[in-house]
Amino acid sequence: MKKTLALLALAALAAGLSPASAQTVVRVGWCARTVSSAAAPFAIAAKMGWFAKGGIQVELVPLPGSTDCVKTVATKQVNYALPSIEPLAIIRPQGVKALNFYTAYQGNIYGIVVPEDSPVQKFTDLKGRRIGVTSMASAGVIIARAMAKAHGMDPDTDIKIVVAGEAAQTAALLRSGEVDALSQFDTQYALAANAGAKLRPLSADNEMIAHFPSNGFIALEENLKDKRAEAVALARGYAMGTLFAITNPEAAIRILWEVFPQTKATGKDEATAMRDDLATLKARAVNWRVEAGGVKKWGENSFENYNKYVDFLVANGVLKEKIDAKDLVTNDLIDEINKFDAAEVVKLAKDYKAK
């Protein structure tokens, strides 16, 4: 972990950012062990100086999953994190005063997939079978259990949730038959596919969660009050980086490789590495788009969508009682975050030529 963090910090310096002493170092929990091309918005914002303009230098902190991301925000080990909403909804009643202030993934990135040639055609066919997650701290655990409950199954006895790791490890366990299905997320499925796994989503079952919001930036309420400008700078830079990446995915990958060089695959020729990273980025870009949440502004939180998701989580045993969306998300910073020229970002992305 320390080596990964050091590499991320060195990469930022190599990209020409000012020394940490000139800017506030902001630690952001990245809720997976693998920093994939889905992190391109961070790299772009660093490369273009958008974070620096806001007076911050972002340090990504890879963590096993969304549950750990929420916990590290609660214990102030990181300033911000980008988890899915379920762990925050679970921990909020315990007195953790944190809020999602920017929805990054407007559609739900989770869902169940099986090997392409699997006899499993629907979720109930998974009774007695093993469902692989990236880690037991991943929201994939929560999703699998909730979907089991929604299908009239007992999540404690009818399914077995096991750790399948990430990317190539996941693909290997599928090939060996050690796991029968996966409850992971969009970019992990792309990474597993890049490693040779042929996957098939249980589309009809996944539809029940597809329109619920997923991950977003969270912070303690005290942080949002006392360091408002810092939170706005983080989310605005990320929003601009997201728009850039959607507009010019290949340029986004090349910037990612420059800023975070350890993300460029070894053992592959450049064309293959680009193809695979583009597949991962495009898998995430579907849910970056504001249209996925039916909202108008970058990061805008749909209280209606969050309340519907909370109702689903309560109905399926994830939450013991209903929590109003206003206690989980806030749009208080959204107008400030969106104070940038979107047309200028799009033009910059279209015109960008990697050196």
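Lys97 is partly exposed, with a relative accessible area of 48%. Buried here means under 20% relative accessible area, exposed over 50%, and partly exposed in between, using a 1.4 Å probe and protein chains only. Lys97 sits in the loop between α5 (85-91) and β4. Helices (H or I, at least four residues) and strands (E, at least two) are DSSP runs, numbered from the N terminus. Leaving aside neighbours within four places in sequence, Lys97 is in contact with Arg92, Ala219, Leu220 and Glu221. Contact means heavy atoms within 4.5 Å. Tyr352 lies 255 residues from Lys97 along the chain, and their C-alpha atoms are separated by 41 Å.

This is a predicted model, in which local features need pLDDT of at least 70, side-chain atom pairs count only at pLDDT 80 or more, and totals for chains, interfaces and linings use all residues. Residues are numbered from 1 along each chain as its sequence is written, and side-chain values use heavy atoms, with hydrogens and water left out.

Confidence comes next. pLDDT is the predictor's confidence in each residue, from 0 to 100. The protein chain has a mean pLDDT of 93, and 94% of its residues reach 70 or more. Over residues 9-21, pLDDT stays under 50. For that stretch the model has 15 contacts beyond four places in sequence. Where pLDDT is low, the predicted coordinates should not be read in detail.

Now the interior. A nonpolar core is a set of buried Ala, Val, Leu, Ile, Met, Phe, Trp, Tyr and Cys residues joined through side-chain atoms within 4.5 Å. The largest such core has 116 residues. Phe42, Phe101, Tyr102 and Phe217 touch the most other members. Helix α11 (residues 228-247) supplies the largest share of this core, 12 residues. A second, separate core has 11 residues, including Val113, Ala164, Ala171 and Ala197.

Phe217 shows what surrounds one of those residues. Beyond four places in sequence, Phe217 is in contact with Val28, Phe42, Ala81, Leu82, Leu99, Asn100, Phe101, Tyr102, Leu234, Ala235 and Tyr238.

Turn to a pair of helices. Helix α2 (residues 40-47) and helix α12 (residues 249-259) pack with their axes 8 Å apart, at an angle of about 75°. Axes are lines fitted to C-alpha atoms, for helices over the stretch in contact, and angles run from 0 to 180 degrees between N-to-C directions. The two helices, α2 and α12, are therefore roughly perpendicular to each other. Under 35 degrees counts as roughly parallel, over 145 as roughly antiparallel, 65 to 115 as roughly perpendicular, and the rest as oblique. From α2 come Ala40, Ala43, Ile44, Ala46 and Lys47, which meet Ala252, Ile255, Leu256, Glu258 and Val259 in α12.

Next, the loop between α9 (203-210) and β10 (216-220), where Ser214 lies. Ser214 counts as buried because its relative accessibility is 0%. Asn215 is found in the loop between α9 and β10, and at 4% relative accessibility Asn215 counts as buried. The side chains of Ser214 and Asn215 are joined by a polar contact of 2.8 Å. A polar contact is a pair of N or O atoms within 3.5 Å; within protein, one must be able to donate a hydrogen and the other to accept it, and residues adjacent in sequence count only if both atoms are side-chain atoms.

What lies around this pair? Not counting residues up to four places away, Ser214 is in contact with Pro83, Ser84, Ile85, Tyr105, Gly107, Asn108, Ile109, Tyr110 and Tyr306. Under that exclusion, Asn215 touches Ser66, Leu82, Pro83, Ser84, Thr103, Ala104, Tyr105, Ile109 and Tyr110.

Ile109 leads on from there. Ile109 lies in the loop between β4 (98-103) and β5 (110-115). Ile109 is buried, with a relative accessible area of 5%. Beyond four places in sequence, Ile109 is in contact with Gln184, Phe185, Asp186, Ser214, Asn215, Arg284 and Asn287.

Finally, backbone geometry. Ala167 is not a glycine, yet has a positive phi of about 50°. Ala167 lies in helix α7 (residues 167-176) and is buried, with a relative accessible area of 18%. The C-alpha atoms of Ala167 and Ala190 are separated by 8.1 Å. Ala190 is found in helix α8 (residues 186-194) and is buried at 10%. Lys76, also not a glycine, has a positive phi of about 65°. Lys76 is placed in the loop between α4 (66-74) and β3 (80-81). Lys76 is exposed, with a relative accessible area of 55%.
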